[in-house]
Amino acid sequence: MEYGINRRAAAKGIIYILLATLCYILPAARGMVPGYGLPTVNVMPFFIAAVGFFEGPYMAGAVGLYGGLLLSLSSSTVEGAEGLILAFFGIFCGSVGVMMMRKILPSVMLCGIGLLAGRGIISATYYRIFYGVSFWSVLVSYLRIIALSALPGALCYFIVSAVSRRFFEEEDT
Amino acid sequence: MKIFRSKLIIFAAVITAVCIGLMLYSGGTGKSSFVTRALGAVVVPVQEGVSAVVDGLSDFFGYFYRYSSLVEENARLREQINKYQEMEQRYLSAISENTQLRKLTGLAMKYKDFDFEVCQVSSVYRGVAQVGMVLNKGASSGIEAGDVVMTEAGFVGYISTVGPTYSEVVTVLDISFKAEAKVSRTKETVIAEGDFDLIEEGRFRLAYLPTDTDIKENDMVETSGYGGVYPPGLVLGRVDRVELDKSGMTCNAVLRPADDILELKWVYVVKDFEVTD
């Protein structure tokens with residue numbers, strides 16, 4: 001019995017790993033980048049938030065770590081930093097999903113937007129200090145990323161909820 | 001201290017330890033860790049495949065979507081071909097004249113050896129202040145961090161991180177890009193760098209120019225080669241416009257990159273070069 005549950009958990013983990021890979025690959029594929037005027041979409045926070053709400057902190061932490069390491073492949077942040085941020089974000093979402101918030105779309109969107117906005121403020125401060133770029137300009141760019149990522153981010157919620165429900169039904173029967 | 005025995009805290013501590021380990025390793029050695037190398041080895045080829053599929057789909061649907069504009073474009077291109085055929089004649093005669101002049105002056109070729117590696121662009125990344133790309137080849141093909149990335153048109157960027165089968169590129173548009181350059185016409189030495197406000201236009205700039213600068217629109221800017229980091233004479237771009245800096249004390253020349261970075265499918269990595277001055 002326990003063996004069956006573990007196998008299902010492993011299968012679910014693999015599915016989430018594959019979905020996280022898609023979240024990384026699709027927005028950065030050649031031809032998907034909209035142009036110089038718009039930054040690349042970032043749906044990873046929404047996906048991890050959804051995993052957190054539906055699967056709890058352990059699965060979300062692991063998927064967050066994996067997603068962060070993937071993102072560091074194409075960004076110039078220090079390797080591991082992105083993983084640390086997203087893993088903790090996953091643990092946070094998993095914990096609030098268990099204790100405080102309901103597993104609904106607005107909760108996932110709120111967490112995803114919250115992370116992107118938080119990162120926007122940190123980035124804006126960094127670019128202000130090290131490159132002298134206007135704080136508000138960077139923040140506005142982040143708001144654009146949020147606006148562009150919100151719709152595909154919502155899609156992540158529905159996909160994760162479908163995967164989670166499917167496995168839940170299997171366990172039930 | 002019950003909290004420290006909680007499974008979740010232990011889980012978070014393990015993740016923190018792993019990430020800090022990765023940060024220390026990559027920060028200390030300047031190389032990507034085996035974890036990222038392994039991920040890159042698996043993910044980059046998949047990404048390359050996805051990019052090829054997206055290319056194919058956009059070509060296929062683009063054909064129906066843009067049929068009328070394609071007809072117009074076809075007519076315009078035919079006209080251009082005629083014009084280019086004429087130009088080709090002049091170009092061929094200019095080449096033979098140039099060869100003769102080289103022989104006459106005994107001018108040495110500046111670049112003795114450029115050891116090229118042809119790479120496919122697996123993905124492009126347009127961040128808030130970053131414009132980068134991932135290539136499908138890495139250390140196993142002899143690529144190293146700092147190698148120049150270019151196309152037939154000119155300089156694109158440099159390799160920032162190398163994995164065994166992939167490499168990351170910082171392009172000229174990235175805010176962290178900075179290179180010594182030379183204006184071909186005036187021979188003036190300048191600093192070319194990425195600029196946050198210009199990323200949206202797909203442009204970068206020559207900074208800290210005097211207000212009475214002689215640089216004009218369409219002037220070509222090339223790598224100066226000073227310091228031996230980049231080979232000299234690679235086209236960085238052309239001047240789009242010259243404008244006063246926000247401070248009003250200096251001027252900036254806005255540059256068009258040598259090539260359209262977001263549209264690149266293939267690039268050359270210069271693994272080694274030799275300069276004869």
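Student: Which residues are buried in helix 5 of chain A?
Tutor: In this predicted model, the buried residues of helix 5 of chain A are Ser107(A), Val108(A), Cys111(A), Gly112(A), Leu115(A), Leu116(A), Gly120(A), Ser123(A), Ala124(A) and Tyr127(A).

Student: Why would residues three or four places apart point the same way?
Tutor: An α-helix has 3.6 residues a turn, so residues at that spacing point the same way.

Student: How many residues does helix 5 of chain A have, and how far does it reach?
Tutor: Helix 5 of chain A has 27 residues, and 37 Å lie between its first C-alpha and its last. That is close to the 39 Å expected at 1.5 Å a residue.

Student: What comes just after helix 5 of chain A?
Tutor: Gly132(A) is found there, with a positive phi of about 70°.

Student: And helix 4 of chain A, what is its reach?
Tutor: Helix 4 of chain A covers residues 81-99, which is 19 residues. From first C-alpha to last it reaches 27 Å, close to the expected 27 Å.

Student: Why is helix 4 of chain A described as largely enclosed?
Tutor: The reason is burial: 14 of its 19 residues are buried, so the rest of the structure largely encloses helix 4 of chain A.

Student: What scores does the model have?
Tutor: The model has an ipTM of 0.80 and a pTM of 0.75. For chain B, the average pLDDT is 83, and 88% of the residues score at least 70.

Student: What is chain B made of?
Tutor: Chain B contains 4 helices and 12 strands. Of its 277 residues, 34% are buried. Its domain assignment gives domain 1 (66-105) and domain 2 (113-277), and the centres of these two domains, taken over C-alpha atoms, are 26 Å apart.

Student: How do strand 6 and strand 7 of chain B pair?
Tutor: Strand 6 (residues 178-183) and strand 7 (residues 189-193) of chain B pair in the antiparallel sense, over 5 bridges. Ala181(B) has Val190(B) in strand 7 as its bridge partner. The hairpin has 5 residues between the strands, and in this hairpin Lys187(B) takes a positive phi near 65°.

Student: Which residue stands opposite Glu193(B)?
Tutor: Arg205(B), in strand 8 of chain B, stands opposite Glu193(B). Strand 7 and strand 8 (residues 204-209) of chain B pair in the antiparallel sense over 3 bridges.

Student: Changing topic: where is Pro257(B)?
Tutor: Pro257(B) lies in strand 11 (residues 251-257) of chain B.

Student: Is Pro257(B) buried or exposed, and why?
Tutor: Pro257(B) counts as buried, because it has 23 C-beta neighbours inside 10 Å and the cut-off for a buried residue is 20 or more.

Student: What does Pro257(B) touch?
Tutor: Not counting residues up to four places away in sequence, Pro257(B) touches Val172(B), Leu173(B), Phe204(B) and Gly237(B). The C-alpha atoms of Pro257(B) and Phe155(B) are separated by 8.0 Å, although these residues are 102 residues apart along the chain.

Student: What share of the contacts in chain B join residues at least 24 apart?
Tutor: The share is 59%, taken among contacts in chain B between residues at least 6 apart in sequence.

Conventions:
Residues numbered from 1 in each chain as written. Chains lettered and ligands numbered in written order. Predicted model: local features only at pLDDT ≥ 70, side-chain atom pairs only at ≥ 80, totals over all residues. pLDDT = per-residue confidence, 0-100. Domains from an automatic or database assignment. Pairing = 2+ DSSP bridges. Helix = DSSP H or I, 4+ residues; strand = E, 2+ residues; numbered from the N terminus. Expected span 1.5 Å × (residues − 1). Buried ≥ 20, exposed ≤ 12 C-beta atoms within 10 Å, placed from the backbone. Contact = placed C-beta atoms within 7 Å.
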